[in-house]
Amino acid sequence: MSELAKRVLVALVGAPIVMLVIWRGDAALATLASVLAAVASWEYFRIARQGGSAPLAMVGVVGAAVIPLVVHAQFLGLVRVPPSAAMIVVLALLAIALWTRGAQGTPLTAVATTLFGMAYTGGALSYVYALRYFGYAVGDTAGALVVIFPVVLTWASDIGAFFVGRAIGGPKLMPSISPGKTISGALGGLAATILVAELLVRLALRPYAQLAFTSLGLVLFAIIISVVAQIGDLAESMLKREAGVKDSGTLLPGHGGVLDRLDSLLFVVPVAYVLYGWLLIPAPV
């Protein structure tokens, strides 16, 4: 089976399942986010080790997986996480590094790498749950569309950048990090994202979720999402290039690892949550 056929097969099988879980929300969505965070963090820590770091990998994987579950539990009112919890986690990791690594085991680097891995994966993916229950989104359909909207815009940015970059070529965007990406491709991704955003608001977000943006707000949302998605892709490429690895993993045939598929979304989802608070408005029925 060719690489393209593998990519199509994984997309055809995986996308409907993910969409169903997003629509269902609740524990199913929190569990999916937790599992993806665990796998993505494991791949991140593998990259970090290849790059010469020595993270507290098992602690980091567990921590990344727990974050979406804690967000779910807090939403249900089962726990209340105080702001001091983040500081307690930092101190706990430092204590673990003290006893397991000692001064010769680069404890500060281990703690910093571990904390970043937890925030980069589990912290970012927990915002999927926050988006699903965003304040303006009333009902399962509206909640699902609020999540799916920035996800589809991320895909549009990626696809637009790929095809326009291939068709036009020209100067490279950041050749030292990703030699295949061009400035024309980045602009193509931007244009595709704006176009798809307009269509999705008209065809889905407004009629089925009673949510919309002002004209300026929609363009601003689309531009920021496209830029952030491309930064997320480049950021993971930078991590892999530093470590000298091609893919984050081999779990998804034809796609590489989970982190390779989520790199843009890890940046997009938290930013989309903030932008919704600024730009999303209830639309008249």
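Contact here means heavy atoms within 4.5 Å, and the model shown in these close-ups is a predicted one.

**View A. Valine 268 and the residues packed around it.** Setting aside residues up to four places away in sequence, valine 268 touches Pro150, Thr154, Ile225, Val228 and Ala229. Valine 268 belongs to helix H9. Is valine 268 buried or exposed? With a relative accessible area of 0%, valine 268 counts as buried, because the cut-off for that label is under 20%. As for tyrosine 136, its C-alpha sits 19 Å from that of valine 268, and the two are 132 residues apart in sequence.

**View B. Phenylalanine 213 in the largest nonpolar core.** This core has 61 residues, and the ones touching the most other members are Phe149, Leu205, Phe213, Phe221 and Tyr276. Beyond its neighbours within four places in sequence, phenylalanine 213 has a whole list of contacts, including Val201, Leu218, Leu279, Leu280 and Ile281. Another core, of six residues, lies apart from this one; Leu56, Ala97, Ala110 and Val111 are among its members.

**View C. Helix H3 and its kink.** H3 runs over residues 57–75, and its 19 residues reach 28 Å from first C-alpha to last, close to the expected 27 Å. Look for the kink of about 25 degrees at isoleucine 67, shortly before proline 68. Proline 68 itself is buried, as are Gly60, Gly63 and His72, among others in H3. Helix H2 (26–50) and helix H5 (107–132) are part of what covers the buried residues of H3. Just past the end of H3, glycine 77 adopts a positive phi of about 80 degrees.

Note on methods. Residues are numbered from 1 along each chain as its sequence is written. This is a predicted model: local features need pLDDT of at least 70, side-chain atom pairs count only at pLDDT 80 or more; totals for chains, interfaces and linings use all residues. Side-chain values use heavy atoms; hydrogens and water are left out. A nonpolar core is a set of buried Ala, Val, Leu, Ile, Met, Phe, Trp, Tyr and Cys residues joined through side-chain atoms within 4.5 Å. Buried means under 20% relative accessible area, exposed over 50%, partly exposed in between (1.4 Å probe, protein chains only). Helices (H or I, at least four residues) and strands (E, at least two) are DSSP runs, numbered from the N terminus. The expected span of a helix is 1.5 Å times one less than its number of residues. The bend at a residue is the angle between axes fitted to the seven residues ending there and the seven starting there.
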